[in-house]
Amino acid sequence: MLRKKYLKNMTQFISYLVVGGGATVVEWALFFLFVYPMKWDQNAGFTVAYLISTFVNMILGRLLTFRNASVVNQSNSAVRNFLKEAALIYLVAAVGCVLNLLFLNLFTDFFGMDSMTAKILTTGIMLIGNYLARKLGIYRENTQTAAAPTHLDCKPEIDRKG
């Protein structure tokens, strides 16, 4: 039983790494584009890239990593559940954004690192905290063993026949 739960958690974490890796590639590519060719300030470039990659991560994470989970305190409305999920993810992302900016500026201003090197190091630091925030704070695993729906509202339909 404990081994099965461990394997399930490891599989989910590996999925999170793959999904997060895809979102990270989006973030790094946009960050690089904004900061180097477009000559944006690194904080502005990071913030815009982070907002876009958070959306990518939210969608891929729901479809792949947390597809068998439901948002905490789920309602009967798919739209309300999606908006709640997005709000919770962006709340976690806002905290992550502040911490990212702190680390990014610490590494560039105090340690003299290149912006891209500092961004890569910061991403590594933030990985575990972001995963735990989603796993423990946003999603709850459904206990049903039947095939879970893969759409954004993962709450099973209720049979309303007499």
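Begin with the whole chain, coloured by secondary structure. From the N terminus on, its elements follow the order α-α-β-α-α-β, which comes to four helices and two strands. Helices (H or I, at least four residues) and strands (E, at least two) are DSSP runs, numbered from the N terminus. This is a predicted model, in which local features need pLDDT of at least 70 and side-chain atom pairs count only at pLDDT 80 or more, while totals for chains, interfaces and linings use all residues. Residues are numbered from 1 along each chain as its sequence is written, and side-chain values use heavy atoms, with hydrogens and water left out.

Of the 162 residues of the protein, 36% count as buried. Buried means under 20% relative accessible area, exposed over 50%, and partly exposed in between (1.4 Å probe, protein chains only).

**First stop: helix α1**

Select residues 2-35, which form helix α1, and find Thr 24 within it. Is Thr 24 buried or exposed? Its relative accessibility is 15%, so Thr 24 counts as buried. Show its side chain: it reaches the backbone oxygen of Gly 20 at 2.7 Å. This is a polar contact, that is, a pair of N or O atoms within 3.5 Å; within protein, one must be able to donate a hydrogen and the other to accept it, and residues adjacent in sequence count only if both atoms are side-chain atoms.

Move on to Lys 39, in the loop between α1 and α2. Lys 39 is exposed, with a relative accessible area of 69%. Its phi is positive, about 60°, although Lys 39 is not a glycine.

Now display α1 and α2 together. Two packed helices are described by the angle between their axes and the distance between the axes. Axes are lines fitted to C-alpha atoms, for helices over the stretch in contact, and angles run from 0 to 180 degrees between N-to-C directions. The axes of α1 and α2 cross at roughly 155° and come within 8 Å. The two helices are therefore roughly antiparallel; angles under 35 degrees count as roughly parallel, over 145 as roughly antiparallel, 65 to 115 as roughly perpendicular and the rest as oblique. Their crossing is right-handed. In the contact of α1 with α2 there are 16 nonpolar residues, nine polar and one charged. Here Ala, Val, Leu, Ile, Met, Phe, Trp, Tyr, Cys and Pro count as nonpolar, Asp, Glu, Lys and Arg as charged, and the others, Gly among them, as polar. As for handedness, a crossing is left-handed if the near helix is turned anticlockwise from the far one by less than a right angle, and right-handed if clockwise.

Within helix α2, select Leu 63. Leu 63 is partly exposed, with a relative accessible area of 37%.

The contact of α2 with α3 consists of 14 nonpolar, eight polar and two charged residues. Here α2 passes α3 in a right-handed crossing.

Next, pick Asn 81 in helix α3. Asn 81 is buried, with a relative accessible area of 2%. What does the side chain of Asn 81 reach? It reaches the backbone nitrogen of Ser 75 at 2.8 Å. The C-alpha atoms of Asn 81 and Val 71 are separated by 6.9 Å, and the two residues are ten apart along the chain.
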